[in-house]
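Please look through this structure with me. My notes follow as numbered points.

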Amino acid sequence: MAPDQPNKHTLHGAARILVVDDEPRLASALSTLLRSCGYDVTEAHGGKQACELADTLRFDLALLDLRMPEVDGFAVMSHLNSRQPECAIIVISGESSFTAVSRALRRGALDYVRKPFDPEELIATVKGVIGKQSLLKAHEDIQVRLEKSEALHRYIVNSSPDIVFMLDAKGHFCFINSKVESLLGYKPAELCGKHFRNILDERDLARGVYALNAPDISADNPRTLEIRLKTRGSRRATRHFEITAFPISPQAWTHNGSTNGGGNGQNASYYGTARDVTERKEAEAFINFQAYHDLLTRLPNRALFKDRLELAITHARRGHQKLAVMFLDLDRFKIINDTLGHAMGDRLLQAVTQRLEGCLRKGDTLSRFGGDEFTLLLPSVHGHEDASQIARKLIKTLKAPFLLGEHEVYVGVSIGIAIYPEAGCSMDQLIQNADIAMYHVKARGKDSYRFYSESMSIDSTHRLLLERDLRIALEKKELRVFYQPQVCARTDQIVGLEALVRWQHPERGLLYPRDFLSLAEETKLIGLLSEQVLDQACRDVGQWIRAGHKDLRLAVNLSPIEVEHPRFVETLIERVNANRFPPANLEIEITENVIMNDLEQISQKLRELANIGVRIAIDDFGTGYSSLNYLHRLPIHTLKVDQSFVKAIRSGVDDACIVNAIVAMAHGLKLEIVAEGVETEKQLDYLRALGCHQVQGFFYGPAQPAAEISKLLTHPKTEMAATASS
Ligand SMILES: Nc1nc2c(ncn2[C@@H]2O[C@@H]3COP(=O)(O)O[C@H]4[C@@H](O)[C@H](n5cnc6c(=O)[nH]c(N)nc65)O[C@@H]4COP(=O)(O)O[C@H]3[C@H]2O)c(=O)[nH]1
């Protein structure tokens, strides 16, 4: 071949050729021929020199004689194979045996040229081998670059903070990166081939499936949605992800070949990423919770309560239904909080919450309104009876003592109830009116419930006027004391008189306690009012006692506010002494709630009064605690059975049983019993048969002015008979 075209190695300039022959003449001839073709030639005169050169220089091709003394061509071949495996070998030898040729080819020689060689054939062979060699090299280089590129992309995809995935047209995973394992616990291989709905939280299933099938989704308009994915395993926990997915255009993804990782992307129709936003979601949820809940009790707060109430009102209005709002205020909480400390106070609020929640149904909303105030929304009540039942349940559940460490404490609850629509049509009105009703409970002895009625919320001008009038009434002594006889059930004789206040209003006529007593309590005028009533009653009844009715008893009602006053005992004794009234003829009526509000203090006061002979009666017995516990620890003389139980005598056996039980209990404790509200002979007979000591009620006559009572006392038989028969 003409040496006109220098034969360049394709990738590294002129190919470097090692010529190995122990005959220097032959080696030189070969070198000259090859150099004339532009090759970079190095000669080695023998195998030993060839091996030494192979250790220091790099060659693309070796032309190798086989038969050489000391180190032969095979030895050089194996040396080259171990040191420079990329170096191609052509054997040039006089050796023509098949064995030698095949042995040389087996050891890696790429071709064989026989000596004496034809220069043209030799150059053609050299060219062919070098060309082949350079193609192999280029292929290897591309392979290496491909591997590097794939490793780079795999690294990028698998190190992504997000899950990267591909889905086929039906929604089966055909690729998913290894991030899915660290975030959700699935191995990529186990998800491939499965539908993505397998890892969607059931609650988000419909949304997730719809998002992928939405008509307008494209690479330019990817679908992004927040969704919950299930983690692997039995805990069935979910994490929140922000998923972005779009369809893959066939031009963008032409490869159906292999992709390392989970799956090979075969038939991929969608590409997507899923970013774990659980922490952000949890932070948002917490902030949201904090904004609408009380962190101590975990109950809805005022804002959320109002929100729910607003919604419930809308529903009730649409469905012409009723709803109830209750305002609950804990009794005695402040004392416990102040004496046992705030930590105990907090524990108490949590325990109270737990008990209250135990009384409610699913749709009800109990909220902490602030401090020791709670509000309750009952969105579906049929009327007052439903609400009363719940209120009684709430009061009862809080009656049992609370154990705070080693302390056993008692709290009560005062509940005001506003029913929609009669107690108001707006959210604020209902809450405010429930609050007003609650204050009326507090003023009347706590630990009870009351429904809001319009008379409670006398508007402020009306209220101010009434308050002014009441002050004037007290100054001008417009209050009157009426007396209702208490009659011995056996002899029909008047044994006592209950003093009941009336107000002779100059314009409005005779007013009853229900019209002004709450106002007197709220404005603290009650003290003055009681003083006037007591003075008047002591004067009237004292006169009758002195006139011969020496055992006649005067029963007076006392408001909780008065009893709780620190100077209660002194004031009472002062009034009794000032009117020279015999203390043994006086009976004070208090309700159970007054006692339970502060058992220790009250029992001390009652003991002081009992010591000077004053009798103590428990009014409205059966409607409050009805607890035997305190009865034997206090100096109590009389139980007054509430009118509601007496009324029940005519209506049914069950309620009458309560009277039986109260009378039996009073007998057991050796207490006197006065049954209130006796209106019929039937009731009277029933009570007589039970062994009830005294009765009081319209059957014998209502409360009447002193003049009428005087007549009654003078001619008891005729007057009483007239009343009973009228
Ligand atoms: N339906 C019916 N009612 C009957 C019958 N017999 C008596 N009553 C009424 O029942 C009430 C009984 O008094 P109370 O339970 O102590 O309940 C009293 C008492 O708690 C309070 N109160 C009355 N006067 C005073 C007072 O001077 N001071 C204080 N702190 N409270 C008073 O006001 C409440 C209401 O007094 P009043 O309106 O006088 O109403 C009285 C009385 O008139 C009957 O057969 N049938």
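**Notes on the model**

1. Start with a helix pair. Helix α2 (residues 47-56) packs against helix α3 (residues 73-83) at an angle of about 5°, and their axes are 9 Å apart. Angles under 35 degrees count as roughly parallel, so α2 is roughly parallel to α3. Keep in mind that this is a predicted model.

2. Which residues make that contact? From α2 come Gly 47, Ala 50, Cys 51, Ala 54 and Asp 55. From α3 come Gly 73, Ala 75, Val 76, His 79, Leu 80 and Arg 83. By class, the contact of α2 with α3 has six nonpolar, three polar and two charged residues.

3. Now the largest nonpolar core. It has 72 residues. Ala 499, Val 533, Ala 537, Val 641, Ile 673 and Ala 675 touch the most other members. Helix α17 (residues 526-546) gives the most to this core, with eight residues. Another core lies apart from it, with 49 residues, among them Ala 312, Leu 356, Leu 430 and Phe 451. In soluble globular proteins, nonpolar side chains tend to be buried together.

4. Take Ile 673 on its own. Leaving out residues up to four places away in sequence, Ile 673 touches Leu 639, Val 641, Val 663, Ala 666, Cys 692 and His 693.

5. Next, the ligand. How many residues surround the ligand? There are 24, and the closest are Val 501, Pro 513, Asn 557, Gly 697 and Phe 698. The shell around the ligand divides into 11 nonpolar, seven polar and six charged residues.

6. Which elements supply that shell? β21 (494-505), α16 (513-522), α17 and β25 (615-621) each supply at least two residues. α16 gives the most, with three residues.

7. Check two cis peptide bonds. One joins Lys 115 and Pro 116, with omega about -10°. Pro 116 is in the loop between β7 (111-114) and α5 (119-158). Another joins Tyr 420 and Pro 421, with omega about 5°. Pro 421 is in the loop between β18 (412-420) and α14 (427-443).

8. Check the positive phi values too. Arg 332, a residue other than glycine, has phi near 70°. Arg 332 lies in the loop between β13 (322-331) and α11 (333-340). Arg 332 counts as partly exposed because it has 18 C-beta neighbours inside 10 Å.

9. Asp 492, also a residue other than glycine, has a positive phi near 65°. Its place is in the loop between β20 (479-488) and β21. Is Asp 492 buried or partly exposed? A residue is buried if 20 or more other C-beta atoms lie within 10 Å. Asp 492 has 15, so it is partly exposed.

Methods. Residues are numbered from 1 along each chain as its sequence is written. This is a predicted model: local features need pLDDT of at least 70, side-chain atom pairs count only at pLDDT 80 or more; totals for chains, interfaces and linings use all residues. A nonpolar core is a set of buried Ala, Val, Leu, Ile, Met, Phe, Trp, Tyr and Cys residues joined through C-beta atoms within 7 Å. A residue is buried if 20 or more other C-beta atoms lie within 10 Å of its own, exposed if 12 or fewer, and partly exposed in between; C-beta atoms are placed from the backbone. Helices (H or I, at least four residues) and strands (E, at least two) are DSSP runs, numbered from the N terminus. Two residues are in contact if their C-beta atoms, placed from the backbone, lie within 7 Å. A residue is near a molecule or strand if its C-beta atom, placed from the backbone, lies within 6 Å of it. Ala, Val, Leu, Ile, Met, Phe, Trp, Tyr, Cys and Pro count as nonpolar, Asp, Glu, Lys and Arg as charged, and the others, Gly among them, as polar. Axes are lines fitted to C-alpha atoms, for helices over the stretch in contact, and angles run from 0 to 180 degrees between N-to-C directions. Angles under 35 degrees count as roughly parallel, over 145 as roughly antiparallel, 65 to 115 as roughly perpendicular and the rest as oblique.
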